Amino acid sequence: MPGTSEGDENLIEVKRLCKSFGPLKAVDDISFSCQPGEVFGLLGENGAGKTTTLRMLATILRPTSGTAIVAGHDLVQSPHMVRRQIGVLSTEPGLYDRLTVREMLRYYGELHDMPLPEISRRSEELIEMLDMKAYADRRTGKLSRGMKQKAAIARALLHDPPVLLLDEPTTGLDVVSARTVVNFIQQLRASGKCIVFSSHIMGEVEKVCDRVGIVHRGRLVACGTLDEVTETGQGELEDIFVRLVGAQE
């Protein structure tokens with residue numbers, strides 16, 4: 001299958017994934033894989049199908065056809081098991097405004113059936129790691145956008161999932177906050193996490209992604225390492241992206 005690398009080490013194996021909304025094919029026969037310690041970038045214009053793909057992998061949407069194997073569990077047959085293996089971060093943090101960061105982490109830890117001592121240990125670890133001590137006991141509704149995104153990162157990582165799904169996580173952030181998120185993604189890759197990263201910011205993609213898939217009108221039009229996609233380095237990623245998308249028109 002195009003876009004799929006062979007091997008038993010893949011934590012994500014997407015197999016001919018499709019999603020239709022009436023006559024609209026939002027995702028059309030997409031296949032790719034991602035291994036531990038790898039960041040796979042999904043690139044595409046707004047409406048290309050990136051978010052729909054990630055929502056299917058997150059079990060928010062059920063595929064029209066096809067499936068994916070996530071950390072050994074079939075997306076269609078065992079969505080509840082897939083949810084235990086993933087952490088999800090999107091453009092909107094989706095926090096409960098009246099809860100403090102610590103209260104929010106405890107709430108989500110209990111949803112994952114984590115023991116309270118483990119919730120406390122992981123919360124303090126992530127608060128330290130993400131430099132959130134100064135506002136860990138403030139209600140999330142009072143936090144800046146960058147602070148909220150850090151809290152959302154902590155929530156996604158609380159149960160220490162092997163797979164992370166990141167949907168344009170720096171959209172709307174200032175330069176400093178966006179850099180913090182990008183640096184943290186690099187740390188997560190180094191720790192062995194399997195990460196699918198959706199973005200339309202080419203500079204971020206070039207910093208963090210090991211392989212990329214370019215999505216246009218629901219289809220994967222290119223897939224490979226950055227060198228492979230940019231024709232062995234002969235051309236900027238943005239230029240290649242525009243050329244590939246334009247060729248499909």
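1. Helices, as named here, are DSSP runs of H or I with at least four residues, numbered from the N terminus. On that basis Leu57 belongs to helix H1, which comprises residues 50-57. The model is a predicted one, and each point below should be read accordingly.

2. Is Leu57 buried or exposed? With a relative accessibility of 1%, Leu57 counts as buried. Apart from neighbours within four places in sequence, Leu57 is in contact with Val14, Phe32, Ala68, Leu75, Val82, Ile86 and Leu165. As for Val182, its C-alpha atom is 22 Å from that of Leu57, and 125 residues of sequence separate the two. Val182 is itself among the buried residues of helix H6.

3. Helix H6 (residues 175-190) has a length that agrees with expectation: its 16 residues should span 22 Å at 1.5 Å a residue, and its end C-alpha atoms are 23 Å apart. The buried residues of H6 are Ser177, Ala178, Val181, Val182, Phe184, Ile185 and Leu188. Viewed down the axis of H6, these buried residues fall within an arc of 160°, so they line one face of the helix. An α-helix has 3.6 residues a turn, so residues three or four places apart point the same way. On the other side of H6, Val175, Val176, Arg179 and Ala190 are exposed.

4. Which elements cover the buried residues of H6? The cover includes the strands E3 (38-43), E7 (163-167) and E8 (194-199). It also includes the helices H4 (116-129), H5 (145-157) and H7 (202-208).

5. Helix H5 has 13 residues and reaches 19 Å from its first C-alpha to its last, close to the 18 Å expected at 1.5 Å a residue. H5 is mostly covered, with 10 of its 13 residues buried. Among these are Gly146, Ala151, Ile153 and Leu157, and the buried set also includes Gln149, Lys150 and Arg155. The buried residues of H5 pack against strands E6 and E7 and against helices H3, H4 and H6.

6. How many salt bridges does a search of the whole structure find? The search finds 15 salt bridges. Side chains of opposite charge can pair when their charged atoms come close. One example joins the side chains of Asp28 and Lys25, with an N to O distance of 3.7 Å. Asp28 counts as buried because its relative accessibility is 15%, whereas Lys25 is partly exposed at 45%.

7. Asp113 forms a salt bridge with Arg84, and their closest N and O atoms are 3.5 Å apart. This pair links distant parts of the chain, 29 residues apart: Asp113 is in the loop between H3 and H4, and Arg84 is in helix H2 (residues 79-85). Asp113 counts as exposed at 56% relative accessibility, and Arg84 counts as partly exposed at 43%.

8. A further salt bridge joins Asp137 to Arg102, the closest N and O atoms being 2.6 Å apart. Here too distant parts of the chain are linked, with Asp137 in the loop between H4 and H5 and Arg102 in helix H3, 35 residues apart. Asp137 is exposed, with a relative accessible area of 54%; Arg102 is partly exposed, with 26%.

9. Tyr96, Tyr107 and Leu111 make a nonpolar surface patch of about 300 Å². Where does Tyr96 lie? Tyr96 is in the loop between strand E6 (86-89) and helix H3 (101-111). Its relative accessibility of 42% places Tyr96 in the partly exposed class.

10. Asp29 counts as partly exposed at 25% relative accessibility. Thr59 likewise has a positive phi of about 65° without being a glycine, and Thr59 lies in the loop between H1 and strand E4 (65-70). With a relative accessible area of 15%, Thr59 is buried.

Definitions and conventions:
Residues numbered from 1 in each chain as written. Predicted model: local features only at pLDDT ≥ 70, side-chain atom pairs only at ≥ 80, totals over all residues. Heavy atoms only, no water. Patch = residues over 30% accessible without salt bridge, like charges linked within 9 Å, V, L, I, M, F, W, Y side chains within 5 Å. Areas by Shrake-Rupley, 256 points an atom, 1.4 Å probe, with all protein chains shown as cover. Salt bridge = Lys/Arg side-chain N within 4 Å of Asp/Glu carboxyl O. Helix = DSSP H or I, 4+ residues; strand = E, 2+ residues; numbered from the N terminus. Buried < 20%, exposed > 50% of the residue type's maximum accessible area, 1.4 Å probe, protein only. Expected span 1.5 Å × (residues − 1). Arc of directions from axis to C-beta. Contact = heavy atoms within 4.5 Å.
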